[in-house]
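Student: Please take one part of this model and look at it closely. I would like the side-chain contacts around it spelled out as well.

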Amino acid sequence: MNVPTVGGDSSNSNHETANKPSLWELFFEFLIIGAVSFGGGIIAYEKILLTEKKRWLSDDEFMAALAISQTMPGLNAVNLAVLSGDKLRGVMGSIVATLGLLIPGCTFVMVVGLIYLENANHPTANLILGGVAAAATGLLSAITYKIGHKQFKEFKALVILIVTFILMSIVSLSLPVVLAIVAPIAIYLYRPKKGGGD
Amino acid sequence: MLVLIHLALTFGMLSLLAVGGGTAVLHEMQEVLEQTYKISAETFVHVYSVGQLAPGPNMTMVLIFGFQIAGAFGAALVGLSFFLPSSFLCFWIGRIWNRIGDTPWRRSVQSALEPISIGLMCSGVYAVAKAALISPLTIILAVISFVIILFSRINPVYVILGLGGAGAGINYWLSLPH
């Protein structure tokens, strides 16, 4: 499965032009990811698809796309679909990859959401969702810890992190205001060092 | 009509502010939905939970709010406003990036945004926790879920469904006359 089958070209550096998917294939592969990636970890599915299963992108290309996805606003997994779709098939590739990724989840939440809205006052629905919500809080905390554990250990980052949290949750400023205050200060603190950075 | 415009602007703005992912705007989203659209914190957290159970990106759950506020059209509108602006920006920046490449300033901006986005995620945890952790039982469930997810490789959906079911069962049992 991991062996490139097209043209016998196995060199990793110039496979990218030899191995472009059709729009339909791109849509279908992202649709599968959108349908099976229960419980997060979508980025991992995308990496496997793009760099291992289909070898549409090299590791370097994938990491570059991931870095942009994480810097830009929006969901990282969606941004990654946008960028890799564009890389592979231009604007249309971008659109079909993103749609593929989102359609299964959207369908699911609409179906379950409708059931919930119709039974919102049903005691059983509230009992179950109450328990699910509590467990989801644990999940969200765990994800935040996993993603942020380095930031918690570095003094400069920790201060920025705490100030952001306090302005947002305790002072209750709106998000644009919080960003307008914290972002310039943080960028100043992390400005490139003179004489060759890291 | 005004509702729809406001809804599109609100979720469009949330889209562009979601630095580091959807969790960064959870707190803001919850406040706007509560203040402007009278969606209770409890409903918010229930819908959020549905998103956690859904395949693909969890934030597709915003469609449910759209539906609740303005029907099927509202759901489509919220979906477009939440996913289109950030995707378009990323697409556009991605193309520029390929021409400019890596610069020290880009890395600075990225390093600066990381702790901010973790801080915002903490606010997201806080917003969800405030609405979800309403009894000793829910706090215990959250702690168990935190520990399991941090220290095991079990798919989170099973953890959430299992603990959610267990919580519902215990709550039901507690509500029975003894």
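Tutor: A helix here is a DSSP run of H or I with at least four residues, a strand is a run of E with at least two, and both are numbered from the N terminus. The model is a predicted one. On that basis chain A has 8 helices and 0 strands, and its pattern along the sequence reads α-α-α-α-α-α-α-α. Chain A has 198 residues, and 44% of them count as buried.

The part to look at is the largest pocket. Its volume is about 1700 Å³. The lining consists of 47 residues, and those nearest the centre are Gly41(A), Ile43(A), Asn76(A), Ile143(A) and Ile147(A). Both chains supply elements that give two or more residues to this lining: from chain A, helix 3 (42–53), helix 4 (59–71), helix 5 (76–118) and helix 6 (123–153), and from chain B, helix 3 (41–53) and helix 5 (104–132). Helix 6 of chain A gives the largest share, 9 residues. By residue class, the lining divides into 24 nonpolar, 19 polar and 4 charged.

Start with helix 3 and helix 4 of chain A. Asp59(A) and Lys47(A) form a salt bridge in which the closest N and O atoms are 3.5 Å apart. Because Asp59(A) belongs to helix 4 of chain A and Lys47(A) to helix 3 of chain A, this pair ties together parts that are 12 residues apart in sequence. Lys47(A) has a second contact, as its charged end sits over the ring of Phe62(A), 5.6 Å from the ring's centre.

Glu29(A) and Lys53(A) meet in a salt bridge, with 2.8 Å from N to O. Glu29(A) lies in helix 2 (residues 23–36) of chain A and Lys53(A) in helix 3 of chain A, so the bridge ties together parts that are 24 residues apart in sequence. The two partners fall in separate accessibility classes: Glu29(A) is buried at 8%, whereas Lys53(A) is partly exposed at 35%.

Helix 5 of chain A takes part in a contact with the other chain. Arg95(B) and Asp86(A) form a salt bridge, the closest N and O atoms being 2.6 Å apart. With Arg95(B) in helix 4 of chain B and Asp86(A) in helix 5 of chain A, the pair joins two chains. Asp86(A) counts as buried at 12% relative accessibility, and Arg95(B) counts as partly exposed at 35%. To return to chain A for a moment, Glu25(A), Glu29(A), Lys53(A) and Lys54(A) are joined into one network by salt bridges that share partners. Over all chains the count comes to 6 salt bridges.

Phe11(B) lies in helix 1 (residues 2–17) of chain B and Phe82(B) in helix 4 (residues 62–100) of chain B, so the pair ties together parts that are 71 residues apart in sequence. Phe11(B) is buried at 1% relative accessibility, and Phe82(B) is buried at 2%. Phe82(B) also pairs with Phe83(B); their ring centres are 5.3 Å apart and their planes are at 80°, so this pair is edge-to-face. Phe83(B) is buried too, with a relative accessible area of 8%.

Two further ring contacts lie in chain A. Trp24(A), Phe27(A) and Phe28(A) form one aromatic cluster. Lys156(A) lies over the face of Tyr190(A), 4.2 Å from the ring centre.

Technical notes. Residues numbered from 1 in each chain as written. Chains lettered and ligands numbered in written order. Predicted model: local features only at pLDDT ≥ 70, side-chain atom pairs only at ≥ 80, totals over all residues. Heavy atoms only, no water. 1 Å grid on protein atoms, 1.4 Å probe; cavity = no way out; pocket = protein on both sides within 12 Å on 5 of 7 lines; lining within 4 Å. Points joined across faces, edges and corners; volume = space filled by probe spheres on them. Nonpolar A, V, L, I, M, F, W, Y, C, P; charged D, E, K, R; others polar. Buried < 20%, exposed > 50% of the residue type's maximum accessible area, 1.4 Å probe, protein only. Phe/Tyr/Trp six-rings, centres within 6.5 Å; stacked < 30°, edge-to-face > 60°. Lys NZ or Arg CZ within 6 Å of the ring centre and 35° of its normal. Salt bridge = Lys/Arg side-chain N within 4 Å of Asp/Glu carboxyl O.
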